[in-house]
Structure formats: C-alpha cells, structure tokens
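Please look through the sequence and the model below before reading on. The report then moves from a nonpolar core to a sheet and to one residue within that sheet.

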Amino acid sequence: MIAVSVLIVVLAVLAYIITNDNDENIPGNSESSASTVEQELALPPENKEIEIKRADIPRQVETKNSPLIKPLKEPIKKNRSTIDIADKKVIKKQSDEKAVKGYSKDRHNVIRAVLSYDINNKEPKGEVPKTVFLNGKKPTSVYYFTELKAMGNNKVYHEWLKDGVTVSKQELAISGNTSRTSSHRLLTNSAKGNWVVRLVDGHGQLLNEKIFKVE
C-alpha cells in the first residue's frame with residue numbers, strides 16, 4: 001500500500017510539472033502571433049497604395065468594358081456644302097420675292113390674261129407661244145390682253161421687261177365693273193432675248209405675268 005501511495009504522489013507531481021510547462025509556453029506563442037500580425041499590418045504606406053491601385057485596376061477595366069454603360073454619341077457634323085446650298089436657295093427666293101413684291105390677294109379680279117398677235121374688237125386673236133420667232137423682214141407685234149372685274153378706281157399697269165430691264169410701263173384705263181384692256185410691243189431683230197410682261201396695281205402688287213422668248 002505504501003508503494004502504491006508513493007507512485008500516485010510521483011505521478012501527481014509529474015502531471016503538475018507538465019501542466020506548468022504548457023502554461024508557460026502559451027504566452028510566448030500568443031506574443032509571437034501578435035508580433036506577426038503587427039508586422040503584416042505595419043506594411044509601408046507605399047506598398048499599401050500599390051496594392052490598392054492594383055485592386056482598383058480590374059474594376060476600372062470592367063467599368064470601361066461594361067455593356068451597361070453606353071459611350072457618348074459623337075456630334076453629327078453637317079456637310080458645309082449642304083448648308084451653303086440651302087443658304088443660296090433662301091437668298092435666291094428672297095431676292096425674287098423682293099423684285100416681284102408678291103402676288104396680290106386681289107388677283108382673282110383678273111378674269112383673263114393672254115398674249116396674242118392681234119386684237120380684234122377688244123378680243124385677242126392668235127395666241128403667242130412661249131417662243132416668238134421673228135420673220136426678219138418685218139416687225140412682229142405682240143399684245144398683252146387683260147380682262148378685269150371689280151377694280152373700282154384702282155390704277156393698273158402693264159410692265160414690259162427685256163432681260164430683266166423695264167422697257168415700258170403703261171397705265172390702263174379702267175371703266176365699269178368689267179374692263180378689257182391691252183398694250184403691245186413691236187418686236188424687231190434688236191428685241192431678241194427673254195421677255196416678261198406684267199400686270200401690276202398702283203401699289204406695285206403683281207396680279208399676273210407672262211414669260212416668253214424672242215429669237
């Protein structure tokens with residue numbers, strides 16, 4: 001019994017010694033682990049910035065190549081020649097309107113307007129085509145016949161233009177509710193060119209016009 005008791009005491013002492021050794025080793029391990037963590041956290045600032053930039057690069061690439069983000073549309077460039085052509089058309093239209101002064105709202109007062117070679121009993125005879133061919137031996141007469149209604153005391157004129165230049169302007173006599181009037185030009189070889197004859201009122205408003213060519 002004494003030997004058994006001694007053996008138990010020896011085992012208890014050994015167990016106590018082993019337990020104390022393990023407890024002493026534990027703090028040392030924790031200190032080494034803590035030092036390792038501090039070393040990892042104590043990285044130089046430059047290394048941290050490099051690692052952060054490297055981490056951002058894939059995100060930037062993904063954002064650039066993302067199908068959800070649409071690129072900005074390039075501004076549409078107009079062809080300068082197209083703009084110039086449009087401007088020229090507007091300028092030409094404005095110049096024509098300025099020269100003609102526009103059609104009058106009262107042009108429904110014009111019943112008839114005819115170019116003819118003769119007038120018989122205040123009626124036109126032989127309508128003139130768009131091109132008048134001169135005989136060469138004798139002059140050719142061209143009449144501008146107009147029949148008007150409800151003009152009152154308004155003045156009206158026949159204007160004859162050759163190649164854009166006014167060569168004659170004649171005031172017409174208006175009488176009664178309906179008036180038939182005419183004017184004429186005697187065309188010779190010197191009259192070859194482009195002709196326009198107009199009916200205008202006292203305000204310069206265009207009521208009617210005829211265009212023809214003399215060859």
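A nonpolar core is a set of buried Ala, Val, Leu, Ile, Met, Phe, Trp, Tyr and Cys residues joined through side-chain atoms within 4.5 Å, where buried means under 20% relative accessible area, exposed over 50%, and partly exposed in between, with a 1.4 Å probe and protein chains only. This is a predicted model, in which local features need pLDDT of at least 70 and side-chain atom pairs count only at pLDDT 80 or more, while totals for chains, interfaces and linings use all residues. Residues are numbered from 1 along each chain as its sequence is written, and side-chain values use heavy atoms, with hydrogens and water left out.

The largest nonpolar core holds 21 residues, of which Leu115, Trp160, Leu187, Leu199 and Phe212 touch the most other members. Two or more residues of this core come from each of E1, E4, strand E5 (156-162), strand E8 (193-201) and strand E9 (206-214); helices (H or I, at least four residues) and strands (E, at least two) are DSSP runs, numbered from the N terminus. In soluble globular proteins, nonpolar side chains tend to be buried together.

An open sheet is built from 4 strands in the order E2-E1-E4-E7, with antiparallel pairing, and two strands count as paired if DSSP finds at least two bridges between them. Its edge strands, strand E2 (123-127) and E7, each pair on one side only. Strand E1 (residues 110-120) pairs with E4 over 6 bridges, and strand E4 (residues 140-149) is joined to E7 by 10 bridges. Because 8 of its 10 residues are buried, E4 is largely enclosed by the rest of the structure.

| Residue | Bridge partner |
|---|---|
| Leu115 | Tyr144 in E4 |
| Glu147 | Arg180 in E7 |

Apart from neighbours within four places in sequence, Thr181 is in contact with Tyr144, Phe145, Thr146, His158, Leu172, Ala173 and Ile174, where contact means heavy atoms within 4.5 Å. Leu199, when residues up to four places away in sequence are not counted, touches several residues, among them Tyr144, Thr146, His158 and Leu172.
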